[in-house]
Amino acid sequence: MNDLGTITQMGRILQVNNAMVTEVFTRSRTTGYLDIIYSQSVQNETVSEPLRLNTGFYTDILNPLGQHICLCDIEEGMVVDALFSPIMEWRIPPQANAYFIVARDYGQPSFHSTTAQITEVDIDNFLFYTYDPDNPDNQIEFHIATKATVRDKNGYPVPFRALYPGLLVNVIHSEIQTEDMPYQAVAFHIQIL
């Protein structure tokens, strides 16, 4: 697999996309760990690096359809996108606590992700709107999925009412529907940046 993703920083959270699962260990339905490999550039050469993502009761694990799944549903050879803590234990392999994982088979598309500023929040209808400062006409109406999660800058779960206009967020969502204005999508995870 030559298209392994790299780790990027999103505010105080780290993100990796297209990492390959090399081992899964489960203590229960939600606790255990995933060993993954990702790409890193070292002296103008791309190498594969290992990382252990520890999962717990507060780790959200989804399939490509946005449905919550068990850690035990993830298998070696699958691909994951993950948000995790920048605080790592430097063991072999290095370890970090995972906040959010999307697992899929190789070749399946990953979730869509949008980073934008919130312009309006409708708590009663579980909606919020974002705005792209580079393209003001690109407003998106996000409908909150039933089990959607919201995390603060440190990766801790917060309620939906913690969102307010002016916040910069990264939203993991379904494909954006462009037939209606504003554009619409279902939000599965909101990460405050």
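**Chatting through the strands, pocket and pairs**

Reader: Hi! Let's start with V16. Which residue is its bridge partner in β6?
Author: Hello! In β6, V16 has A82 as its bridge partner. Keep in mind as we go that this is a predicted model.

Reader: Good to know. How many bridges join β2 to β6, and which way do the two run?
Author: There are 5 bridges between β2 and β6, and the strands run antiparallel. Strand β6 covers residues 79-84, while β2 covers residues 13-26.

Reader: And what about β2 and β3, how many bridges there?
Author: 6 bridges hold β2 to strand β3, residues 32-42, again in the antiparallel sense. One place to look is M20, which stands opposite I37 in β3. These two strands form a hairpin, with 5 residues between them.

Reader: How do β1 and β2 pair?
Author: They are antiparallel too, with 4 bridges between β1 (residues 7-10) and β2. For an example, take Q9, whose bridge partner in β2 is L14. This hairpin has 2 residues between its strands, and G11 takes a positive phi near 65° in it.

Reader: Is N18 buried, partly exposed or exposed?
Author: N18 is partly exposed, with a relative accessible area of 27%. The reason for that label is the cut-offs: buried means under 20%, exposed means over 50%, and partly exposed is in between.

Reader: What about F126, where is that one found?
Author: F126 is in the loop between β8 (112-122) and β9 (127-132). Its phi is near 50°, again positive in a residue other than glycine. F126 counts as partly exposed, at 45% relative accessibility.

Reader: Now the peptide bonds. What kind joins I92 and P93?
Author: A cis one, with omega about -5°. Most peptide bonds are trans. You'll find P93 in the loop between β6 and β7, the latter being residues 95-104.

Reader: Which hand does the disulfide of C70 and C72 have, and why?
Author: The torsion about the S-S bond is about 125°, so the disulfide is right-handed.

Reader: On to salt bridges. How many does a search of the whole structure find?
Author: The search finds 4 salt bridges. One of them is R151 with D60, where the closest N and O atoms are 3.1 Å apart. That pair links distant parts of the chain, with R151 in strand β10 (residues 135-151) and D60 in strand β5 (residues 60-62), 91 residues apart. Both R151 and D60 are buried.

Reader: And D81 with R104, what do their side chains form?
Author: They meet in a salt bridge, 3.0 Å from N to O. D81 lies in strand β6 and R104 in strand β7, so the pair ties together parts that are 23 residues apart in sequence. Both D81 and R104 are buried.

Reader: Which residue's side chain meets that of E89?
Author: That would be R91, in a salt bridge of 2.9 Å, N to O. E89 is partly exposed, with a relative accessible area of 37%.

Reader: Which residues lie nearest the centre of the largest pocket?
Author: S85, N97, Y99, N154 and Y156, out of the 22 residues that line the pocket.

Reader: And what is the lining like by class?
Author: It has 9 nonpolar, 9 polar and 4 charged residues.

Note on methods:
Residues numbered from 1 in each chain as written. Predicted model: local features only at pLDDT ≥ 70, side-chain atom pairs only at ≥ 80, totals over all residues. Heavy atoms only, no water. Pairing = 2+ DSSP bridges. Buried < 20%, exposed > 50% of the residue type's maximum accessible area, 1.4 Å probe, protein only. Disulfide = S-S within 2.5 Å. 1 Å grid on protein atoms, 1.4 Å probe; cavity = no way out; pocket = protein on both sides within 12 Å on 5 of 7 lines; lining within 4 Å. Nonpolar A, V, L, I, M, F, W, Y, C, P; charged D, E, K, R; others polar.
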